[in-house]
Amino acid sequence: MPRLGIRTSGNLRSIAPPLWESDFLRACRGEPARRTPVWLMRQAGRYMEHYRGLRAKLSFLELCRNPAAAAEAALYARAWLDVDAAIVFSDILIVLEALGVPLRFEGDGPKLTALAGPAAVDSLRDPLQAAADLGYAHEAVRQTVAGLPADIPCIGFAGAPFTLAAYAIEGGGSRQFAKAKAFMYREPAAWHRLAASLATCIAEHANRQVAAGATAIQFFDSWAGCLSRPDYAEFALPHLRAAVQAVVPGVPVIVFGAATGHLLDLMASTGADVVGVDTGAALDQGWEAAGGPGRVAVQGNLDPAVLLAPSAVMRTRTDQVLAEAGGRPGHIFNLGHGIIKETPPEMARELVAYVHERSAR
Ligand code: CP3
């Protein structure tokens with residue numbers, strides 16, 4: 001049977017041998033690794049004292065726009081945790097800002113000037129130009145890669161079209177996504193123009209991160225789990241698929257969304273190399289649903305709350321995830337969603353060491 005994710009089949013000459021053979025990139029390609037690679041979503045963030053030190057001097061968006069400081073945040077977290085990959089320090093919402101949607105961060109999270117209707121969609125900026133304007137993020141990738149050991153990859157990322165469109169229409173986060181869904185159903189043509197433009201923008205943004213040295217791309221479809229299968233298939237999937245397919249061949253693509261246990265096969269049908277499994281599905285069942293070992297790799301899925309538990313509980317639950325993976329090639333260990341800001345940093349570091357120790361082959 002052919003692999004669902006065939007994007008990594010081409011050998012990309014620009015990826016140097018120590019990186020190409022890293023456990024992380026081997027797992028992305030479904031090849032055996034020396035030990036299970038591990039990184040943590042939102043690994044550089046508020047749970048870390050070092051990050052809070054950077055934030056004492058810079059607002060969140062100033063930090064995103066300052067390549068040296070962003071690289072420092074990413075590199076410090078990578079080294080301190082001893083994880084198998086860095087992720088560039090940035091945010092999914094900068095793409096919306098570049099497209100002309102004003103963005104600010106206040107107290108409880110992001111605030112955007114909501115897109116009111118089709119006319120607002122049609123007044124957005126050109127998506128290729130918008131991606132080109134994110135040069136500060138691409139420079140942050142360059143500086144992060146320059147500071148990494150030769151065998152540690154840097155993951156670039158972008159928000160997926162559905163999640164970004166939902167943020168733009170809601171003007172921020174939401175519990176039910178009523179405005180975004182109403183727009184999708186009532187103005188389907190404008191919805192598809194918006195999502196297609198977002199797909200073009202994130203693919204260009206991803207490929208500019210690759211040009212700057214990123215050797216994997218993760219698309220965060222954080223809110224896609226709020227969609228039924230038919231709505232996901234109609235309104236989200238075609239645009240995410242277009243973005244995945246547009247990423248430079250040879251660079252593995254990871255697609256992730258929270259609460260997407262019912263969508264994993266559709267997410268895999270984008271052609272992604274790796275599907276993120278959140279905590280809601282058991283890893284082995286999620287892997288089967290996504291197509292199974294040998295066809296697609298998986299990333300996940302320890303409940304982030306387990307890092308608030310005593311060490312013995314963390315170890316038991318970690319063993320459970322590793323047992324579900326069964327040592328089969330193509331597993332990247334991660335949390336089921338982003339790390340919680342109350343997490344004791346020592347516990348995150350202990351988790352990484354424990355995964356390495358238990359999975360050494
Ligand atoms: O993993 C990493 O270390 C890389 C950094 C990263 C950030 N945001 C930094 C950040 C990544 C990969 C993101 C992606 C992102 N941004 C997502 C998708 C990931 C997910 O959790 O599903 C989303 C939904 C956003 C949008 C966003 N950015 C929200 C909703 C918030 C505020 C609420 C929150 O959980 O913090 C942010 C702010 C943000 N992005 C912070 C960080 C470190 C905190 C900012 C601060 O107050 O210092």
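**Entry 1: the cavity**

I sorted the residues lining the largest cavity and got five nonpolar, three polar and three charged. I counted Ala, Val, Leu, Ile, Met, Phe, Trp, Tyr, Cys and Pro as nonpolar, Asp, Glu, Lys and Arg as charged, and the others, Gly among them, as polar. The model is predicted: local features need pLDDT of at least 70, side-chain atom pairs count only at pLDDT 80 or more, and totals for chains, interfaces and linings use all residues. Residues are numbered from 1 along each chain as its sequence is written, and side-chain values use heavy atoms, with hydrogens and water left out.

The lining consists of Ala27, Glu31, Ala33, Thr36, Pro37, Ala325, Arg328, Pro329, Gly330, His331 and Arg361. A cavity is a set of points, on a 1 Å grid over the protein atoms alone, where a 1.4 Å probe fits but cannot get out; lining residues have an atom within 4 Å of a point.

I traced an open sheet of seven strands in the order 1-4-5-6-7-8-9, with parallel pairing. Its edges are strand 1 and strand 9 (331-335), each of which pairs on one side only. Strands (E, at least two residues) and helices (H or I, at least four) are DSSP runs, numbered from the N terminus; two strands pair if DSSP finds at least two bridges between them. Strand 1 and strand 4 (residues 154-159) run parallel and are joined by two bridges. Ile87 has Ile155 in strand 4 as its bridge partner.

**Entry 2: the hairpin**

I then looked up strand 2 (residues 103-106) and strand 3 (residues 109-112), which pair in the antiparallel sense over four bridges. Phe105 stands opposite Pro110 in strand 3. Two residues lie between the strands of this hairpin, and Gly107 takes a positive phi near 25 degrees.

**Entry 3: backbone angles**

Most residues other than glycine have a negative phi, and most peptide bonds are trans. Which peptide bond did I find to be cis? The one from Gly300 to Asn301 is, with omega near -15 degrees. Asn301 is in strand 8 (residues 297-302).

Asp82 is not a glycine, and its phi is positive, near 60 degrees. I placed Asp82 in the loop between helix 5 (67-81) and strand 1 (86-87). Its relative accessible area of 41% makes Asp82 partly exposed (buried is under 20%, exposed over 50%, partly exposed in between, with a 1.4 Å probe and protein chains only).

Ala259 also has a positive phi, near 55 degrees, and lies in the loop between strand 6 (253-256) and helix 14 (264-268). Ala259 is partly exposed at 45%.

Leaving aside neighbours within four places in sequence, I listed Thr163, Phe256, Gly257 and Ala258 as in contact with Ser222 (contact means heavy atoms within 4.5 Å).

Gly30 is in the loop between helix 2 (23-28) and helix 3 (49-57) and is partly exposed, at 30%. The C-alpha atoms of Gly30 and Asp273 are separated by 8.5 Å, although the two are 243 residues apart along the chain.

Key:
On a 1 Å grid over the protein atoms alone, a cavity is a set of points where a 1.4 Å probe fits but cannot get out, and a pocket is an open set with protein on both sides within 12 Å along at least five of seven lines; lining residues have an atom within 4 Å of a point.
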